[in-house]
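The points below are grouped by topic.

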Amino acid sequence: MRILAIESSCDETAIAILSGVGDVLTVEKSLILSQIAIHAEFGGVVPEVAARKHLEAIMPMLKAEVSPAGEGIDAIAVTKGPGLAPALRTGVEVAKTLAWLWRVPLIPVSHMEGHIYASWLQSEIPILPALVLVVSGGHTELVLMKGHGDFERLGETLDDAAGEAFDKTAKMIGLPYPGGPEIARLAVNGNRQAFDFPRALLTKPGYDFSFSGLKTSVLYTLRNHEERLTDPQFLADIAASIETAIVDALIAKTKKAAMDYAPKTLLLAGGVGANQYLRERLVAMGQEIGVAVILPERRFTTDNAAMIASAGYFRFQQSSNAENPLFLEADPNLDFCKKAEHKN
Ligand code: KG4
Ligand code: ZN
């Protein structure tokens with residue numbers, strides 16, 4: 001089966017064409033147009049601007065890659081939520097129109113489920129049940145995936161997401177948005193032990209995270225060392241210490257959940273999953289406790305439509321009663337998890 005996927009939840013317009021046979025998926029096309037440069041002028045993503053830019057971008061992308069009659073496309077998957085309402089709506093309306101015109105099923109997909117299904121876009125695919133560390137710009141969660149489409153949230157951030165912690169602290173030291181890759185770049189030459197930033201909730205039961213204390217601590221450290229703000233070594237040490245504090249907290253809770261729930265595999269999902277240090281630490285932790293770690297390709301960790309096609313493919317395999325194209329609506333607060341049955 002061949003799926004066209006559309007993703008427009010935030011500041012990336014993306015389409016993908018994916019073909020699937022059994023559990024084997026092939027990404028035929030994956031196009032991403034980032035609006036980051038446009039939003040950088042405003043200091044953050046402006047939803048109405050994002051929506052207008054998605055509309056401008058999406059038709060030329062489709063025109064370049066898909067036949068006007070939709071030949072060879074068996075279904076359309078689209079991000080229904082979560083995300084920015086006006087941005088989501090553009091992708092959903094385009095997908096509805098095409099599904100109706102081409103008379104193909106329309107598969108609504110959760111953006112977060114999409115991030116998780118990025119791990120199915122490679123030859124070594126996860127064995128279930130899997131424990132997933134979901135780390136994006138808006139979400140930080142530990143999710144137990146028992147089967148396809150069967151997700152239970154074990155823990156989540158009580159305040160900022162890990163990506164947000166990277167972005168906000170990067171801004172404090174004058175780095176551009178998105179800050180995660182910038183911090184990672186500086187951290188390579190820094191001393192990871194230079195500053196002891198907080199790793200919150202480590203001694204508390206449960207699997208929740210908190211990153212707001214880190215932000216405050218970085219702010220005070222910068223204020224106390226004003227004379228060193230232009231010293232490249234100081235900034236590298238700050239970046240390395242921030243990255244280490246965030247990753248330490250993520251790894252500690254993931255390890256605890258892995259030991260408590262004994263999953264077959266450990267997965268990583270979301271934009272922060274592009275972080276090399278986090279990837280290495282997760283693999284090392286998996287080896288230590290004897291659980292296989294399956295990492296998504298880095299190009300599929302940040303927002304893309306191939307992951308939406310992947311999630312849509314498995315959703316369709318499970319139940320083909322796809323949405324009536326005329327009734328699908330974007331849901332900015334869409335949640336893909338069942339309510340937790342137990343919380344330690
Ligand atoms: O999943 P994503 O592309 O968008 C959302 O759904 O939020 O995640 C974006 C987040 C941003 O906060 C960005 O700073 C972070 O992922 N990110 C990274 C890296 N690459 C992207 N964080 C740390 N290290 C990276 N290499
Ligand atoms: Zn995302």
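This is a predicted model: local features need pLDDT of at least 70, side-chain atom pairs count only at pLDDT 80 or more; totals for chains, interfaces and linings use all residues.

Helices here are DSSP runs of H or I with at least four residues, numbered from the N terminus.

**Zinc site**

- The zinc ion (ligand 2) has three donor residues: His111 and His115, each through NE2, and Asp303 through OD, at 2.0 to 2.1 Å.
- Along the sequence, the donor residues of this zinc ion follow the spacing H-x3-H-x187-D.
- Histidine 111 is buried, at a relative accessible area of 6%.
- Histidine 115 is also buried, and its relative accessible area is 2%.

**Helix 5 against helix 8**

- Helix 5 (residues 162-172) and helix 8 (residues 232-261) have axes that come within 11 Å and cross at roughly 170°.
- Angles over 145 degrees count as roughly antiparallel, so helix 5 and helix 8 are roughly antiparallel to each other.
- On the helix 5 side the contact is made by Ala162, Ala165, Phe166 and Thr169, and on the helix 8 side by Ile242, Glu243, Ile246 and Leu250.
- By class, the residues of this contact between helix 5 and helix 8 are 6 nonpolar, 1 polar and 1 charged.

**Helix 3 and its surroundings**

- Helix 3 (residues 85-102) contains 18 residues, and the distance from its first C-alpha to its last is 26 Å, close to the 26 Å expected at 1.5 Å a residue.
- Buried residues in helix 3 include Pro86, Leu88, Val92, Val94, Leu98 and Trp102, and Lys96 is among them too.
- The cover over the buried residues of helix 3 includes strand 1 (2-7), helix 2 (47-65), strand 4 (75-81) and strand 5 (106-110).

**Methionine 61**

- Methionine 61 lies in helix 2, and is buried, with a relative accessible area of 8%.
- Leaving out residues up to four places away in sequence, methionine 61 touches Thr13, Ala14, Ile15, Leu31, Ile32 and Leu33.
- Methionine 61 and arginine 223 are 162 residues apart along the chain, and their C-alpha atoms are separated by 46 Å.

Note on methods:
Residues are numbered from 1 along each chain as its sequence is written. Chains are lettered from A and ligands numbered from 1 in the order in which they are written. Side-chain values use heavy atoms; hydrogens and water are left out. Donors are N, O and S atoms within 2.8 Å of the metal (3.2 Å for Na, K and Ca); water is not among the atoms, so sites may look incomplete. Buried means under 20% relative accessible area, exposed over 50%, partly exposed in between (1.4 Å probe, protein chains only). Axes are lines fitted to C-alpha atoms, for helices over the stretch in contact, and angles run from 0 to 180 degrees between N-to-C directions. Helices (H or I, at least four residues) and strands (E, at least two) are DSSP runs, numbered from the N terminus. Angles under 35 degrees count as roughly parallel, over 145 as roughly antiparallel, 65 to 115 as roughly perpendicular and the rest as oblique. Contact means heavy atoms within 4.5 Å. Ala, Val, Leu, Ile, Met, Phe, Trp, Tyr, Cys and Pro count as nonpolar, Asp, Glu, Lys and Arg as charged, and the others, Gly among them, as polar. The expected span of a helix is 1.5 Å times one less than its number of residues.
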